Each structure stands twice: as C-alpha cells, then as structure tokens.
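Good morning. Please have a look at it first.

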Amino acid sequence: AHISPTDEDGLQELLSRNVGANLNATTDLHGAVQDTDLSMIAVGTPFDGTEIDLKYIVQVANQLGEALKDKDGYHVIVVKSTVVPGTTEDVVLPIVERASGKRAGPDLGIGMNPEFLRESTAVYDYYHPPKTVIGETDARAGDQLAQLYEHLDAPLVRVRELVAPREARRVERWIEEAPGTPFSRPRAGRSYGCPFASTSRSSKSTTRRPLTGACRPASRLSTR
C-alpha cells in the first residue's frame with residue numbers, strides 16, 4: 001500500500017509515514033478548500049517550444065474561486081507551477097477574484113512560491129534549498145505560507161509582490177557564486193534568467209531542466 005508511482009529518493013519513506021496521518025488525497029476540491037487554510041496550484045504548464053500553455057492554471061484557478069464562494073474564512077492560494085513572471089498577478093488573481101466574488105487582501109490571499117527541485121532528488125532539494133522565495137499580496141498571506149517552511153534551515157525571502165521569479169533570478173546569482181551547492185546553471189539559460197540543474201546518470205550523459213518559474217519569455221503566453 002501507499003507505493004510511490006515515481007522513482008524519487010526518499011519519497012516512499014515519506015508516503016509510508018504520512019499517508020492517512022498527515023497526508024490525505026481527495027477528488028473533492030470544494031470540500032478540501034472548506035477544510036483547509038491554504039491551496040497550492042501545482043498543475044502542468046506545457047511548453048511546445050514557442051509558448052507556455054496556461055489552460056490548466058486557468059481551470060484550477062476558476063475551480064478554487066468557485067469553491068471559495070461558500071467559504072467564510074480567509075484562504076490562501078499559492079502558485080507553485082512553472083509560469084512566467086506576472087502570471088500569478090495578471091491571470092490567477094483576477095480569475096480567483098471573479099469566480100469567488102471576493103477580494104485579495106481582505107477576503108483571501110494570493111502567493112507565488114517558485115521551487116528549486118531536480119528530478120530524482122526533489123525530496124533532498126526540498127529540505128536543502130539555497131533560499132525559499134515567497135511573493136505575497138499581503139503580510140497575512142505571506143505569514144501563512146511562511147509557516148510551511150519554518151522547519152527548513154535556509155534563508156526565507158519575502159517580497160510584497162507576486163512577481164516572485166524576479167527574486168528567483170537573484171537566487172541564481174547566489175547559486176553561481178556558491179560552488180559546491182547541488183545546483184548549477186549553464187550559460188544557455190542566461191537569456192531567460194532561468195536557473196537550471198545539470199544532472200548526469202553517466203559520464204557521457206547530461207540533461208538540463210529548468211528549476212523555477214522565471215523560465216519562459218513573457219510574450220509567449222497562451223490561456224486557450
């Protein structure tokens with residue numbers, strides 16, 4: 001039972017320890033929103049080489065907004081998906097406000113929380129980030145999100161804006177100046193301000209993948 005569907009170091013142990021105790025899965029989004037204080041958007045954002053497709057971001061933002069119509073308390077929505085700077089503020093926030101009939105700030109919080117994770121070592125990278133970056137609409141939203149990372153021994157950077165990937169580019173420069181960290185970035189990513197991880201399964205095979213949401217040219221967005 002509780003078998004991990006992916007080959008990720010440390011994930012099986014986390015599942016075995018937490019499923020049914022601290023981790024529960026559900027398809028009832030409405031009920032989940034009513035029973036929790038924070039929702040994270042971590043859906044796919046397909047990139048065809050030309051533009052990033054936000055259709056899943058738009059879909060879940062609408063669903064969360066609809067669920068918030070029936071919630072009396074404050075709730076925070078956080079974007080974790082790989083998106084271009086401005087997506088949270090220009091796409092997610094207005095959709096959630098329109099669908100819920102509520103306003104960011106007094107009624108709900110919106111956050112941006114870019115991640116720095118590599119495939120096959122994501123669990124390790126989560127516990128050993130170079131920094132944790134939070135973009136927030138207001139202090140209340142940021143405080144609630146920051147509580148999730150209190151157990152991590154890493155600098156916490158909070159910015160009172162939703163274009164948190166701007167701060168992620170500062171993290172890039174910090175990574176470049178800190179050889180020996182598990183992260184490295186080739187010069188190829190420089191034009192997009194995009195941190196990359198270089199992982200190698202053999203001395204002859206190296207793959208590169210983007211680590212955070214500051215990785216696509218802003219002019220190439222699609223919400224179809």
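Which residue in β5 is the bridge partner of Gly-111? It is Glu-136. Keep in mind throughout that this is a predicted model.

Strand β4, residues 108–112, is joined to β5 by two bridges, and the two strands run antiparallel. β5 also pairs with strand β6, residues 156–159, this time in the parallel sense and over four bridges. One example from that pairing: Thr-132 has Leu-156 as its bridge partner in β6.

Now, β5 itself. The strand covers residues 132–136, and five of its five residues are buried. In a regular strand, side chains alternate between the two faces of the sheet. Here, one side of β5 carries Thr-132, Ile-134 and Glu-136, and the other carries Val-133 and Gly-135. Those residues are all buried, which leaves both faces of the strand covered.

Next, a helix elsewhere in the chain. Helix α1 spans residues 11–18, and its buried residues are Leu-14, Leu-15 and Asn-18. Why do they line one face of the helix? Looking down the axis of α1, the buried residues fall within an arc of 100°, so they line one face. Part of what covers these residues is α5, residues 122–127. After α1 comes Gly-20, with a positive phi near 85°.

Stepping back to the whole chain: there are seven helices and nine strands. Of the 224 residues, 46% are buried. The chain exposes about 12,100 Å², and carbon and sulfur atoms supply 47% of that area. If we take the contacts with a separation of 6 or more, 66% of them are between residues 24 or more positions apart.

Last, confidence. The average pLDDT of the chain is 77, and 71% of the residues score at least 70. Over residues 174–222, however, the pLDDT is below 50. That stretch still has 108 contacts in the model beyond near neighbours in sequence. Where pLDDT is low, the predicted coordinates should not be read in detail.

Key: Residues numbered from 1 in each chain as written. Predicted model: local features only at pLDDT ≥ 70, side-chain atom pairs only at ≥ 80, totals over all residues. Heavy atoms only, no water. Buried < 20%, exposed > 50% of the residue type's maximum accessible area, 1.4 Å probe, protein only. Pairing = 2+ DSSP bridges. Contact = heavy atoms within 4.5 Å. Areas by Shrake-Rupley, 256 points an atom, 1.4 Å probe, with all protein chains shown as cover. Arc of directions from axis to C-beta. pLDDT = per-residue confidence, 0-100.
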